[in-house]
Amino acid sequence: MKKDKMKDPLASPKIRFLVSLIFAIAIWTVVVTFFSTDIKTVIKDVPINVEYNASYVNLGIEIIEQDIKTVDVTVSGPRTVIGALSKDDIIVYPQFTNVREVGTYNLALNAIKASSVMEFQIESMSNYQMSAKFDRVVEKKFDLTADVSNITVNNQYMIDRVYVTPGSVVVKGPEILINRLNKIVAVVDSQEIVQSTQLPAKLHFYDADGTEMDGTYFTFGQTEFTVTIPVVKEIQLPVKINFINVPAGFDVSKLDLRLSQDAIELAVPNKIADSITEYVAGYIDMKEIEFDKPYVFKIMLPNGYINIKDVKEISATISSENMESKKVDVKEIQILNKGQQDVEIITKVINSVEIVGEKSVIDSISDSNVVAQLDMSHVSLAQGQQTVDVDIIIPSTNSAWARGTYQVTIKN
């Protein structure tokens with residue numbers, strides 16, 4: 001059998017291309033490594049380091065304005081070094097020799113290598129001079145206000161009084177800027193909320209005209225600021241007037257009570273909104289009641305409540321229409337809860353007790369329909385005679401009551 005002839009491995013075009021590429025890369029590497037000459041390039045936007053050799057700091061002043069903040073630097077050196085250079089490998093700084101006090105100065109710029117062992121040279125810069133304004137450094141305390149205009153809530157809710165934590169901050173900076181600074185506002189990012197929350201905030205600086213200032217030259221110890229945003233729910237509550245010293249069995253619905261408004265709109269903490277059913281504006285004493293006289297009650301709200309319409313007061317009037325009064329002499333005086341106490345009622349008749357009620361009821365009331373009750377459980381008994389209050393009861397109706405305070409004399 002004949003042996004196959006050996007095939008030439010370079011006969012394939014693909015293999016020839018691959019071998020050529022490998023040789024080309026090897027030759028380029030040798031040339032770059034051993035035969036490359038120096039090259040030049042421009043490192044753009046190298047920052048001017050105003051803190052390098054900053055002798056002006058000892059004068060209690062600092063830079064508040066500068067016309068340029070970066071320069072382009074032309075460098076030269078071996079290709080392998082230059083190709084790896086960055087802005088961090090070069091320091092550009094001003095010379096502060098002539099700075100003696102507050103003012104504006106033209107400062108010469110120098111450029112040096114960040115590390116002296118690096119093998120490259122600095123050829124030139126796009127600028128060799130900068131203008132800088134210096135001012136004295138002072139401190140001042142400012143209260144913080146919150147801006148939540150970016151926050152939205154559902155139609156049923158509203159935002160209560162917001163506050164910033166911390167509530168104030170001591171700002172350090174150039175005297176001319178501190179004197180101009182009028183207000184610092186903590187601003188939160190835009191979002192929708194449905195409950196009370198705390199959000200991080202960024203500080204914005206404003207002068208007296210409302211123009212925002214650059215805060216670059218201001219420093220303060222606090223770095224985190226929080227705005228607390230209480231969310232409250234809007235509700236409408238019926239207004240109610242309560243009565244005190246109401247005789248047992250008396251129906252207060254018989255009174256013709258007229259209010260300046262029947263309801264009040266409030267915003268209350270969301271977690272308790274559903275448990276509130278009415279707003280009690282105030283109290284009227286049945287013993288001292290006066291008809292057709294406005295009882296004025298100032299609106300008093302617990303902390304966390306908002307008076308949406310800013311109603312200052314509510315007035316209540318009890319109409320005298322269909323009402324009448326008469327005076328009777330009460331002869332029946334009863335003692336309740338006497339127990340083992342030896343008590344004698346000295347008073348035999350309580351004269352001129354005023355009874356008030358509906359006309360149809362008053363006409364039917366006489367002395368015999370009215371009773372005075374002395375509840376001994378409410379009396380601090382002393383030796384001898386003493387005067388004590390009694391309750392006037394009209395057992396035959398729940399549409400009349402005694403106006404005023406009445407007393408009897410008792411003896412132990």
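User: How many bridges join E29 to E31?

Analyst: Good place to start! This is a predicted model, where local features need pLDDT of at least 70, side-chain atom pairs count only at pLDDT 80 or more, and totals for chains, interfaces and linings use all residues. Residues are numbered from 1 along each chain as its sequence is written, and side-chain values use heavy atoms, with hydrogens and water left out. Strands (E, at least two residues) and helices (H or I, at least four) are DSSP runs numbered from the N terminus, and two strands pair if DSSP finds at least two bridges between them. E29 and E31 run antiparallel, and the number of bridges joining them is 6.

User: Which residue in E31 is the bridge partner of Val390?

Analyst: Let's stay with E29 and E31, which run antiparallel. In E31, the partner that bridges to Val390 is Tyr406.

User: In what order do the 5 strands of the open sheet come?

Analyst: Let's build it from its pairs. E28 (residues 371-375) pairs with E29 in the antiparallel sense over 3 bridges, and E26 pairs with E31 (residues 406-411), also antiparallel, over 2 bridges. The edge strands, each pairing on one side only, are E25 (332-336) and E26 (344-345). The pairing in the sheet is mixed, and the order is E25-E28-E29-E31-E26.

User: Is Ser399 buried or exposed?

Analyst: Ser399 lies in the loop between E29 (385-393) and E30 (400-403). Residues among those it touches (contact means heavy atoms within 4.5 Å) include Phe250, Lys254 and Val361. Buried means under 20% relative accessible area, exposed over 50%, and partly exposed in between, using a 1.4 Å probe and protein chains only. Because its relative accessibility is 6%, Ser399 counts as buried.

User: What is the relative accessible area of Pro94?

Analyst: Pro94 sits in strand E4 (residues 90-94). It touches Ile48, Asn49, Val50, Leu107, Ala108, Leu109 and Met130, leaving aside residues up to four places away in sequence. Pro94 is classed as buried because its relative accessible area is 2%.

User: How far apart are the C-alpha atoms of Pro94 and Ala54?

Analyst: Along the chain, these two residues are 40 residues apart.

User: Is Ile15 buried or partly exposed?

Analyst: Ile15 belongs to helix H1 (residues 13-35). Its relative accessible area is 39%, so Ile15 is partly exposed.
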